[in-house]
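Let's take a walk through this structure together, one stop at a time. Have the sequence and the 3D view at hand as we go.

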Amino acid sequence: MILLLLRLFPYLAALAFFALCRAVFYWPGHWLWFFIVLLAVPSIYFFLININNKTKSVIVAYLYSLIFITSGFVFLLILENNYVINCFLFLWSFLFWLYLEAVFHDFYETTRIHIINLNNLYSYFNILIVFFLTASLVNFSIFLNWPVLAVVPILSLVCFILYYWLYLKYSFGWRPALIYALIQAIVLTELLFLLLLWPVSFYVSAILSAATYYLMLSLSLPRSAGINKGKSHLRTIVVFSLVVVLTLISAIWL
């Protein structure tokens, strides 16, 4: 019975995410209650996994789901166009379903574990989380006058956690993972301070933060056998440089 619920839950969770986030725009005064219910959704899922399979710890995967939901929810709050809101909700609901599916296959080591690989999802999802969370918090800083000393520590802590967890998933020792994550979080913190002083839109800040996150992550992760490390790093640097140049050229300076 529990296993059947676990197979159905990712679909139900994605629908719940879409419905609850859409309800915020009809009853904005109750947004906090909707957010609390949203956080309860993965809590139920990981509770069911934990009681049905105690061979692996669910803590990291569970906390990651909370960060994922929060980053999507806060970004939703800064959107205004109804079409954009619906498109984003469809996208984030689908990615939420994909994450919960990947968690199931990873914990139960099914034949689909290589098709929906959790480590790969972490790598890509982290970039999205950094982008959307940066856009949201910088927006709050610009338009709601949130103090810089409130925005920067939140983003720095999230980036540190995302780096650290991912390095542990790639079998770094806890000490190298801690050092890598700490140094790279400090770099992103300094970048964010600089971006908050520049007269650029919050989307520019988000793109540059996500691109820098991608650069440092790509240069740090080990390469698969048969892949030329030098060429791979060069390709990463070229992609990063193009993104930065194109972003700054097309940026609207405030």
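A residue counts as buried when its relative accessible area is under 20%. Keep in mind that this is a predicted model. With that cut-off in hand, turn to Ser-136, which sits in helix α5, spanning residues 118–143. Ser-136 has a relative accessibility of 0%, so it counts as buried. What is Ser-136 in contact with, leaving aside its neighbours within four places in sequence? Its partners are Val-74, Phe-75 and Ile-78.

Next, let's look at a pair of helices. Helix α2 covers residues 31–52 and helix α3 covers residues 59–76; the two pack at an angle of about 150 degrees, and their axes are 10 Å apart. Angles over 145 degrees count as roughly antiparallel, and α2 and α3 are therefore roughly antiparallel to each other. The crossing of α2 past α3 is right-handed. On the α2 side, the residues that meet α3 are Trp-31, Phe-35, Leu-38, Leu-39, Pro-42, Ser-43 and Phe-46. From α3 come Ala-61, Tyr-62, Ser-65, Leu-66, Ile-69, Thr-70 and Phe-73. Sorted by class, this contact has eleven nonpolar residues, three polar ones and no charged ones.

Phe-46 also leads us to our last stop, the largest nonpolar core, which has 90 residues. Within this core, Tyr-45, Phe-46, Tyr-99 and Val-103 touch the most other members. Helix α4, residues 82–108, gives the most to the core, with 14 residues. To see Tyr-45 in its surroundings, leave aside its neighbours within four places in sequence: Tyr-45 is then in contact with Leu-6, Phe-9, Pro-10, Leu-100, Val-103 and Phe-104.

Terms used
Residues numbered from 1 in each chain as written. Predicted model: local features only at pLDDT ≥ 70, side-chain atom pairs only at ≥ 80, totals over all residues. Heavy atoms only, no water. Helix = DSSP H or I, 4+ residues; strand = E, 2+ residues; numbered from the N terminus. Buried < 20%, exposed > 50% of the residue type's maximum accessible area, 1.4 Å probe, protein only. Contact = heavy atoms within 4.5 Å. Axes fitted to C-alpha atoms, helices over the stretch in contact; angles between N-to-C directions. Parallel < 35°, antiparallel > 145°, perpendicular 65-115°, else oblique. Left-handed = near helix turned anticlockwise from the far one by under 90°. Nonpolar A, V, L, I, M, F, W, Y, C, P; charged D, E, K, R; others polar. Core = buried A, V, L, I, M, F, W, Y, C linked by side-chain atoms within 4.5 Å.
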